[in-house]
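Please look over the sequence and structure first.

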Amino acid sequence: MKKTMDKRVKRTKKEFQRTLLALLKEKRLEDITITELVREADYNRGTFYIHYEQKEDLLHEMVEEMLKELRNAFRQSYQHLENEISIMELSTISLFEHFLHNKDFYQTMLSPKVPINFHEEMVSSMEKHFKEDIDFTSNDVPDDIDLKLFYRYRVNGIIGLITDWIKDDFQQSKCYMAEQVVKIATFNTEKVLIKNVRQATGSLKEHSS
């Protein structure tokens, strides 16, 4: 009986989540009422209030569950490996498959209709995940480099690439993106070429005059 109840609760919550996501594609969270939400989900208000106090609780649950799935998708690339490995051995295909499979969710959560900084939520979640699962110190990171900033730099880079991919409506293939992430992560920039600043400044002045 308990298993039946658990399945029923999960099914009910999933339906509320599906309905809220559908509504968020059309309007802002503040404009969505509980009455509208339960009507579209084909439940009553009492059922909603058994599980949530307000619609923000439902949104928070949706985000937490998806971020957990995101961490699991990233973990698939190395969960079968042990100890120190080369980054070139990693395949992040499962990570990009996760985003493609949940395309509607991510595009909606990154839209202005949602009153949370979902980009920052992704960064914080993945930063915590990196710290728990991956140790970069095997690369002989110098003592004068702040590891907290180092992890944040790496995570922001990956999430930045992914969010741009999402906002560009997944124009590149998952294989291309997975390949590029590994190549970029292993590329070491030791020097840069400074462009002709005077020429660039003069060009800007000509356009402004």
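## Basis

This is a predicted model, in which local features need pLDDT of at least 70 and side-chain atom pairs count only at pLDDT 80 or more, while totals for chains, interfaces and linings use all residues. Residues are numbered from 1 along each chain as its sequence is written, and side-chain values use heavy atoms, with hydrogens and water left out.

## Helix 9

Helices here are DSSP runs (H or I, at least four residues; strands are E, at least two), numbered from the N terminus. Helix 9 takes in the 13 residues 174-186 and should span 18 Å at 1.5 Å a residue; its end C-alpha atoms lie 19 Å apart, which agrees. The expected span is 1.5 Å times one less than the number of residues.

M177, A178, V181 and V182 of helix 9 are buried. Buried means under 20% relative accessible area, exposed over 50%, and partly exposed in between (1.4 Å probe, protein chains only). Down the axis of helix 9, the buried residues fall within an arc of 130 degrees, so they line one face of the helix. The arc is taken from the directions from the helix axis to the C-beta atoms. Their cover includes helix 5 (93-101) and helix 8 (147-167), where contact means heavy atoms within 4.5 Å.

## Annotated region

An unreviewed UniProt entry places the annotation "DNA-binding region" on residues 33-52. UniProt positions are given in the numbering used here, feature names are shortened, and annotations may be inferred rather than shown by experiment. In the model, residues 33-52 are 75% helix and 0% strand, with end C-alpha atoms 14 Å apart.

## Salt bridges

A salt bridge is a side-chain nitrogen of Lys or Arg within 4 Å of a carboxyl oxygen of Asp or Glu. By this rule the count is 13. One of them joins E61 to K13, with the closest N and O atoms 2.9 Å apart. This pair links distant parts of the chain, 48 residues apart: E61 in helix 4 (residues 55-75) and K13 in helix 1 (residues 2-24). E61 is buried at 14% relative accessibility, whereas K13 is partly exposed at 23%.

R18 and E15 form a salt bridge at 2.6 Å between the closest N and O atoms. Both lie in helix 1, three residues apart, about one turn of the helix. E36 and K27 also pair, at 2.9 Å from N to O; E36 is buried at 13% and K27 partly exposed at 26%. E120, E127, K131 and R152 are linked in a network of salt bridges.
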